[in-house]
Amino acid sequence: MSGILVVEEARRDGSARIFQETLAAGRKLASLTGLTLEAAGVGDSNRNIFLQISGPAPRAGHAIRHPLLETYTADGYVLAFEQLIRKLEPQYVLFPHSYQVRDFVPRLATKFGQVLIGDVTAIEDGPLFERQLFQGRMNATVRHEGGGPCFVSVQNGAFRADAANGEVMPIAEFIPEIEPAQIRTAPGEPFRESAQTVDLGWAQRIVSVGRGIKDAANMPLIEALAGALNAELAASRPICDNGWLPMERQVGSSGQTVAPKLYMAVGISGAIQHLVGMKGSQCIVAINKDPDAPIFEVADYGIVGDLFEVVPALTEAVKAARQ
Amino acid sequence: MKIVVAIKQVPDRDAPVRIASGGKWIDESDLQWAMNEPDAYALEEALQLKEKHGGEVIVVSVGPERVGSTIREALAKGADRAIHILCDDLGARDALGVARLLAAAIKPENPDLVLTGLQSEDLGLGQTGVILAELLGLPHATLILHVEKTDAGLKVKRELEEGWYQFIEMPLPAVLTMQSGGNKLRYATLMGIKRAKTKELRAVSAAELGVEAAPTVTLEQIAAPKKQKSTQILSGSAKEAAAALVDKLKTEARVL
């Protein structure tokens, strides 16, 4: 019985940050429940896992190894984690809320008659789990009922990773039983659409536009503001979905992550998928007609109003100030 | 190809959400409702697959009486028939509970393909399609932008994080959850709206499907989010607010 099992995900860029944040969430849950922490992850033949623990080490680590897990598939991961969880019988299993976790953990939880408590932003006494509703316009507090295991995934950036202090833990190998025929999907190599020509990561100023712009014909308004500010143009997902700006100018979880000196969000409500891509900006300005839009929660300055009036006025004011 | 599309009715994106007394859910009176946008993309993909390969598109939706308007919208856009799972206690069911209802209604149809949106715009759980795949015993793939039928089954384009993609090949039958943006959404035509009135819309109750609400995750309360930063709201006319903002950006934030 391991109490709380924290699961690592191998990232393409080798970053361990989201694992370290999940560990921090695990420590919070451990402090509330008195349970102990263990960790697990899928290792491959070339790569050791758990090299990048930060903060106090979990009691033990479980390295899942199998040739059929070298490439991620939902079928393979569900089989492997189901077997490990049945062996360890943890009360809680914590994951980072990544695309991969969203792909296989709901299926894994169903094997246990459970439901993943996904995209958790805080854990409080109870334990109670906080998560967002209505694209960030509401917060919900939820509770797990009945027997375990309780599956939880943690929102990117919601828990602060501890500093690395070189602690290590004993690692046990776990070899699941998986047959090739049990893996029904054949995934191809990840690729990018085309050579990315726009790297917004280096931009000093960004003007970003969302659904509020209503029509492609209104885009010149935003282009004029970006021109006056000498800023790069960016957008939230719906604008790129509509083809009003190229996909490579999308900011958010499915696009680029940016941290400019100035980020001006125009007609963007601020769903979490967008916020994760820009909340590290130094100064955030939000222009939106809805005073309750979640973008105002992260903004330094806000104007509540009709962007079709505010943006032209702002373009003129910026031009005057920069002369 | 026989394709089932699971769609959800959600509060319209621009509708103001207010907390109901008791703090357990939002006030649903006077709310405008709409088809969950990712589900609209799932329906669009299904209609395009039918146009290319023939077959039938069946929409399924769970919810109270009001859900009928969203179902009729799907029929008007071109779905062939619909199943409405009547359920007044949606709030008492967790994602597994809802997926069980959908699975019970879908299973007898024996579809080649089940499509749904990657997540709903209200609860944002992003789990129903994946759970449905497990309950139906079918392979699945999530965050799909394009679907291509092959001799062996399907080749789908999946979105990964930070601008990466991959192709996945899989057999049929299968379950896919669709990402937005892969297609252009169609509008219902007048002819479509007229025709929808003659299409089969079968209602079935949760009790008839034999699925009880037995949630393992329950909602304690909802609340407006706490502010992470203290935002300075600049008021006045558009011109005044713009001037005040430029002044702040120049002298206080020093980013101009």
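## Chain A: burial and overall dimensions

Of the 323 residues in chain A, 51% are buried. The model described here is a predicted one. Along its principal axes, the C-alpha atoms of chain A occupy a box of roughly 65 × 45 × 40 Å.

The secondary structure of this chain consists of 8 helices and 16 strands. When contacts in chain A between residues at least 6 apart in sequence are considered, 66% link residues at least 24 apart.

## Chain B: composition and domains

Chain B has 256 residues, of which 45% count as buried. Its secondary structure amounts to 7 helices and 13 strands. The C-alpha atoms of chain B fill a box of roughly 65 × 45 × 40 Å, taken along the principal axes. Among contacts in chain B between residues at least 6 apart in sequence, 70% connect residues at least 24 apart.

Two domains are assigned in chain B: domain 1 covers 2–209, and domain 2 covers 228–256. The centres of domain 1 of chain B and domain 2 of chain B, taken over C-alpha atoms, are separated by 43 Å.

## A sheet with strands from chains A and B

An open sheet is built from 6 strands with parallel pairing, in the order E13(A)-E12(A)-E14(A)-E15(A)-E16(A)-E13(B). The edges are taken by strand E13 (232–235) of chain A and strand E13 (232–233) of chain B; each has a single partner strand, so one side of each is left without a neighbour in the sheet. In general, strands of a sheet pair through backbone hydrogen bonds, in either a parallel or an antiparallel manner.

Within this sheet, strand E15 (residues 283–288) of chain A runs parallel to strand E16 (residues 301–304) of chain A, and 4 bridges join the two. In this pairing, Val285(A) stands opposite Tyr301(A) of E16(A).

## Helices packed on the sheet

Helix H8 of chain A, residues 307–321, packs on the sheet and touches strand E14 (262–266), E15 and E16 of chain A. The direction of helix H8 of chain A makes about 135 degrees with that of E15(A).

A helix of chain B also packs on the sheet: helix H7 (residues 238–251) touches E14, E15 and E16 of chain A, together with E13 of chain B. The direction of helix H7 of chain B makes about 175 degrees with that of E16(A).

Technical notes
Residues are numbered from 1 along each chain as its sequence is written. Chains are lettered from A and ligands numbered from 1 in the order in which they are written. This is a predicted model: local features need pLDDT of at least 70, side-chain atom pairs count only at pLDDT 80 or more; totals for chains, interfaces and linings use all residues. A residue is buried if 20 or more other C-beta atoms lie within 10 Å of its own, exposed if 12 or fewer, and partly exposed in between; C-beta atoms are placed from the backbone. Two residues are in contact if their C-beta atoms, placed from the backbone, lie within 7 Å. Domain bounds come from an automatic or database domain assignment. Two strands pair if DSSP finds at least two bridges between them. Axes are lines fitted to C-alpha atoms, for helices over the stretch in contact, and angles run from 0 to 180 degrees between N-to-C directions.
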